[in-house]
Amino acid sequence: MQGRIAGVLLLLIATFIFTPSLAFARLYGSILCKEEGFTCHRVKGNESWSSLFPDSRDRDIAMRINRMNTNLYPGLVIAIPDNLEESSIMDFSPFPLQIQAPGEKLIVVDVIIYAWGAYDAEGTLVRWGPVSGGADWCKDVEEPCPTHSGSFRIFSLGSSGCISHKFPLPDGGAPMPYCMYFNNGQALHGEPNGLPGYNASHGCVRMYVNDAEWLRYAFVEGPTPDNNYRGTRVLVRAEKSN
């Protein structure tokens, strides 16, 4: 089993080698829109997600591929798929739809391309969505606050009322709905204020609240006797490829 898992991890890491234009973008949509199959749209003063994409399905896809669901602002460049109406969200997955069967559930997080994916034990991608990982620099602590690369396991689960006990300084209290801790104080969790299209956290992996709720209650397992106290595996890539 360990050999199989190691092989899967190597396969995934190899798969996550993206073109430089995508891998090192800060505002993901402004770079993605230059790729084939997308159009660059510069937001005008009276435009919003709802006005640009009246259909809720199209709007959700547009937000997810741009890795943001915060308000639009004039001058922002976003990517619009040329075939949006004929496509599904899985058509725009940054991860392969099928990998070698890992033999257990697997969550992949790549903060370089601001995305997460959930694979079942057979290696089928079940769901994916955008994330915002650790920022290059956090002014309040005056140091970088990266999300750490590596292979981890979920060791603690929270509910919709989960909060940070550290941030904002000095007393904490920031909402972290459906928190799922995987590496010391770093967790997957929902972000009620939305995702901005770049990495902006103190090291946690922020995601849509509904994605976090789905992961927490429909996918993730915490450590239990049934799984030998080994919660769901989380594979994180947070370092740029050479």
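**Ground rules**

I noted that this is a predicted model, where local features need pLDDT of at least 70, side-chain atom pairs count only at pLDDT 80 or more, and totals for chains, interfaces and linings use all residues. Residues are numbered from 1 along each chain as its sequence is written, and side-chain values use heavy atoms, with hydrogens and water left out.

**Entry 1: the sheet**

I began with the strands, which are DSSP runs of E with at least two residues; helices are runs of H or I with at least four, and both are numbered from the N terminus. Nine strands make an open sheet with mixed pairing, in the order 6-11-3-4-5-10-9-8-7. Its edges are strand 6 (150-153) and strand 7 (156-157), each pairing on one side only. Two strands count as paired if DSSP finds at least two bridges between them. A reminder to myself: strands of a sheet pair through backbone hydrogen bonds, either parallel or antiparallel.

**Entry 2: strand 11 and its partners**

I then followed strand 11 (residues 233-237), which runs parallel to strand 3 (residues 106-110) and is joined to it by five bridges. Besides the pair I opened with, Asp110 stands opposite Arg237. Strand 6 pairs with strand 11 too, in the antiparallel sense and over four bridges. There, Phe152 has Val234 as its bridge partner.

Is strand 11 enclosed or open? Five of its five residues are buried, so it is largely enclosed by the rest of the structure. Buried means under 20% relative accessible area, exposed means over 50%, and partly exposed is in between (1.4 Å probe, protein chains only). Both faces are covered, with Arg233, Leu235 and Arg237 buried on one side and Val234 and Val236 on the other.

**Entry 3: helix 6**

I checked which residues of helix 6 are buried and found Asp211, Ala212, Leu215, Arg216 and Phe219. Seen down the helix axis, the buried residues fall within an arc of 130 degrees, so they line one face of helix 6. The arc is taken from the directions running from the helix axis to the C-beta atoms.

**Entry 4: two nonpolar cores**

A nonpolar core here is a set of buried Ala, Val, Leu, Ile, Met, Phe, Trp, Tyr and Cys residues joined through side-chain atoms within 4.5 Å. The largest one has 33 residues, and Trp49, Phe53, Ile78, Phe95 and Tyr119 touch the most other members. Helix 3 (28-32), helix 5 (56-66), strand 2, strand 3, strand 4 and strand 5 each give two or more residues to this core. A second, separate core of 21 residues includes Met180, Leu188, Val220 and Val234.

I also listed what Ile78 touches, where contact means heavy atoms within 4.5 Å. Leaving out residues up to four places away in sequence, its contacts include Trp49, Leu52, Phe53 and Leu72.

**Entry 5: Ser93**

Where is Ser93? I found it in the loop between strand 2 (77-81) and strand 3. Ser93 is buried, at a relative accessible area of 16%. Its side chain reaches the backbone oxygen of Phe95 at 2.8 Å. Setting aside neighbours within four places in sequence, Ser93 is in contact with Leu125 and Trp128.

Most residues other than glycine have a negative phi, and most peptide bonds are trans. With that in mind, I looked for exceptions. Tyr114 has a positive phi, near 55 degrees, and lies in the loop between strand 3 and strand 4. Tyr229 also has a positive phi, about 60 degrees, and sits in the loop between helix 6 and strand 11. Buried or exposed? Tyr114 is buried at 4%, whereas Tyr229 counts as exposed at 58%.

I found cis peptide bonds too. One joins Phe167 and Pro168, with omega about -5 degrees; another joins Leu169 and Pro170, with omega about 5 degrees. Pro168 is in the loop between strand 7 and strand 8, and Pro170 lies in the loop between strand 7 and strand 8 as well.

**Entry 6: Pro130**

My last stop was Pro130, in strand 5. It counts as buried, at 0% relative accessibility. Beyond residues up to four places away in sequence, Pro130 touches Tyr114, Trp116 and Asp211, among others. Its C-alpha atom is separated by 9.1 Å from that of Val111, 19 residues apart along the chain.

Key
A polar contact is a pair of N or O atoms within 3.5 Å; within protein, one must be able to donate a hydrogen and the other to accept it, and residues adjacent in sequence count only if both atoms are side-chain atoms.
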